[in-house]
Amino acid sequence: MQWVNILAQGILLGGLYALYGTGLSLIFGVMRLVNLTHGDLMVVAAYLALVAGQLLGLSPWLSLLLVVPALFVIGVVLQRGLLNATLGKGVLPPLIITFGLSVITQNVLQLGFTADTQGLDAGPIEAASLEVTKGVTLGVLPLITFAAAVLVLTGLQLFLTRTKLGRAFRATSDDPTTAELIGINSRQVYGLAMGLSLAIVAVAGVLLGVRTTFAPSDGPARLIYAFETVIIGGLGSLWGTLAGGIILGVAQTVGAQLNPAWFQLAGHLVTLALLAFRPTGLFARTRDAG
Amino acid sequence: MPKIESPPPVTHPRSRRMSSRGLAVGSVLLLAILVSLPWWGTPDQMRTLVEFIYFLALAQMWNMLAGYGGMVSFGQQAWIGLGGYTLIVLADDLHVNMFLAVVVGGVVAALVALPTAALAFRLRGGYFAVGTWVIAEVFRLLVASSTEWLKGGLGRSLTAAGLIARPLREQYTYWLAIVIGAGAIALVYTLMRSRVGLGLTAIRDSEAAAMSVGVKITRIKLLVFMMAAFGTGVVGGLIYLNALRITPQASFNIQWSAFMAFIVVIGGLGTIEGPIIGAMLFFVLRHYLSSFGPWSLILLGSIAVIMMLVAPDGLWGVLHRRFGFELFAVRRRLPAALAHGQSAVAEGQPVLSDPAVPETKP
């Protein structure tokens, strides 16, 4: 029964990782871009929720009403102000710019909030849990996180398949030049895609802050988990991201159970094993990874 | 290989490159001054130069990989850590001469780079960058989990350093650093004047086009990836021969790759001069800003981002465009006839002149 419980915890943790990975997968799908500030902006979202709580007395849940739009705006500005200028100039410029911003973000956060760890206080719900059967207890918060991931992925899928803007996203993803011919402004689409990606990052960041503590230098580890989720699930596949998150979460919790020091290592090794034996991931849609 | 006739001498109004002889004379002079430093300089100056040289050599290796090869890696710290730990294990546990152990560290890094490439080469572009970083993290976690042998997160000290008197050890370390720094530049220079180097830049610019003209893509990329691992691993050994103490957190730290990337981007990507200028600027900034904590990294990151946006070819690129001067002639240039729109190919001329062939010879 102990292992069933561990498996259940790992699956629920996967929900959080799916939220990490979805934004990364989305922008890669639309514009073949890898945003190396992805993890740092997640930490920024957690700090914004912290400030909203301190200044306005908002609970982490209510702070989402501010943090999600804020990150959306950051995304649009980042893409339209900086990254669109590097389109078509090879892989290096966006990597250096987002990596530079990652280093800048971490250090600005450290100046503003010191290197101490912080946490978001969501009240008694943090410790609440449901006992499914004897020995298998599910935390309410991980369940909410998992539900949020399913909700976000469903919403994103409906957006991409049912709305006009979603079709513009897919058209630009397939062929930006042809998409422009039928009146789609690809730069605008890229801006909105980055905004949407970071809006999801905001949700992930706030949930992360409620779940555990965070510090200015935590971003890179979050980026790596997001990356691993996407690599396991397969590039450009929405539901693959959920599967990738679950596999990563299970690998980490099982690894940690065997030896507490193996939490991260187990996740990395599963990712590398997948890379060795199934380099396109489990549910790849996007062929071109370059 | 059929002998290719060199194109007629080309005069470029805006391109003055240093001749091979000028470069050789200049290098020998500079090396003579540097090598003799222990007799007229202070130990402090030697230590400063050792630090400068390891940033310079790291940047040269990163530039070879990313600037010339298009393989943007954020996992080069893997080789620094491996080089450093190899030094300590060889010198302390197996009693190998520690200066020799530094070189062996590079060999170990190159050997480990082989299976690493097998995984990392399945990824491209941004995912390659993050993938190499994950692999470096795996090494860090593995080393940190060896609590008995490698003392886990506490790290180990180079106790063998006590076998030699300190002034002598610092002198040898300094000379080794000069060999490593000069070696790194010579390696990139030689590579880029060879056919392999030409193939490498062809791959960077377009893999499909390179493949279509018969460039052995995987072989060349693998060779360069392993060479960069070797060079970075040797520098890793040098860093910890200088620092005498290593921990997994410090040695397998992404910050090393960040510094390499920033130096190269600020100085000038895809040139040998760029990393030299970048390393100088970085070194000066680091010296004056070290007391400002987070601000120094904010400034460094901002400079790199701004350079990438306004001058993607770096400081050296700006200088080269302004003055047309080149120290290291590794660029292939179009013959004048082709540059003026006449087809040189039709006249049986090679499209690109080979810088290894002196241009004044008939």
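Mentor: The contact draws on 34 residues from chain A and 30 residues from chain B, two residues being in contact if their C-beta atoms, placed from the backbone, lie within 7 Å. This is a predicted model, in which local features need pLDDT of at least 70, side-chain atom pairs count only at pLDDT 80 or more, and totals for chains, interfaces and linings use all residues. Residues are numbered from 1 along each chain as its sequence is written, while chains are lettered from A and ligands numbered from 1 in the order in which they are written.

On the side of chain A that touches chain B, the elements giving two or more residues are helix 4 (92-113), helix 9 (219-233) and helix 11 (263-277) of chain A. Helices (H or I, at least four residues) and strands (E, at least two) are DSSP runs, numbered from the N terminus. Helix 4 of chain A gives the most to this side, with 14 residues.

Among contacts in chain B between residues at least 6 apart in sequence, 75% join residues at least 24 apart. Of its 362 residues, 45% count as buried in chain B, that is, 20 or more other C-beta atoms lie within 10 Å of the residue's own, with C-beta atoms placed from the backbone.

Conventions
A residue is buried if 20 or more other C-beta atoms lie within 10 Å of its own, exposed if 12 or fewer, and partly exposed in between; C-beta atoms are placed from the backbone.
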